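Here are some brief notes to read beside the model. Please check each point against the coordinates.

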Amino acid sequence: MMKTFATAFAAALIAGAAQADPTVGITKSMPQVTVQTEIGPQVVDRVQDPSNEITGEWARTSRPCPEFCIQPMSPAPGVSTIGELELLEMLQDPDAVVVDSRTPDWFQGGTIPGAINIPYTYVVDELGRLGCEPDFDGWDCAEAKQVALFCNGIWCGQSPTAIRNMIDAGYPAEQISYYRGGMQVWRLLGLTVVGGR
């Protein structure tokens, strides 16, 4: 009995040490980050199994074009294209909003912690959630929040479409960032996904 307890205790210590000093960090000096979500704090880190591989839909390299065509580096003039580290900074900024612009079925299948879902099909109707005010001509976006939009990946046109529609409605391009890698690259890097598959 005592030997079993000692073995379990040692295993718990090793597991705790592994969590405190992960094998697979985000950067050399950033093993993980904590972001605030609608349901409370969420730790974002990478899968700790160095042999982990993505599977299923996310492992596919080729999709028919059209409609799944490779997207440009920037979806519109003035929009910044960002990577994972910049997205993690935005997720920790209480004044910024990270938008998963995919349709609800994709969002429910798994998303980036802290992202909100505003599908690309009606993003213009939801600009009030992003700091704009309705006016007689559509939207007044003088107080627009800093936002980052993403979708499924480099081959996905949902967030680029949403971004162009936002700009057409008056959202300032310089307040918009585009996480081009989307869910496929996020998963490829083994970063935390919440919800669904």
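Which side chain of opposite charge is nearest to Arg 180, and how far away is it?

1. It is Glu 84, 9.9 Å away. A salt bridge here puts a side-chain nitrogen of Lys or Arg within 4 Å of a carboxyl oxygen of Asp or Glu.

2. On provenance, this is a predicted model: local features need pLDDT of at least 70, side-chain atom pairs count only at pLDDT 80 or more, and totals for chains, interfaces and linings use all residues. Residues are numbered from 1 along each chain as its sequence is written, and side-chain values use heavy atoms, without hydrogens and water.

3. Arg 180 sits in the loop between β9 (176-179) and α5 (182-188). A polar atom of its side chain lies 3.4 Å from the backbone oxygen of Pro 72. Beyond four places in sequence, its contacts (heavy atoms within 4.5 Å) include Ile 70, Thr 81 and Gly 153.

4. The largest nonpolar core has 21 residues. Such a core is a set of buried Ala, Val, Leu, Ile, Met, Phe, Trp, Tyr and Cys residues joined through side-chain atoms within 4.5 Å. Tyr 171 is one of the members touching the most others. The largest share, three residues, comes from α4.

5. Tyr 171 is in contact with Leu 130, Val 147, Met 166 and Ile 176, among others. Apart from this core lies another, of 20 residues, including Leu 87 and Ala 148.

6. Strands β1 (residues 33-37) and β2 (residues 40-44) run antiparallel, joined by five bridges. Thr 37 has Gly 40 as its bridge partner. The hairpin between β1 and β2 passes through two residues.

Definitions and conventions
Helix = DSSP H or I, 4+ residues; strand = E, 2+ residues; numbered from the N terminus. Buried < 20%, exposed > 50% of the residue type's maximum accessible area, 1.4 Å probe, protein only. Lys, Arg positive; Asp, Glu negative; His and termini not counted. Polar contact = N/O pair within 3.5 Å; in protein donor to acceptor, adjacent residues only side chain to side chain. Pairing = 2+ DSSP bridges.
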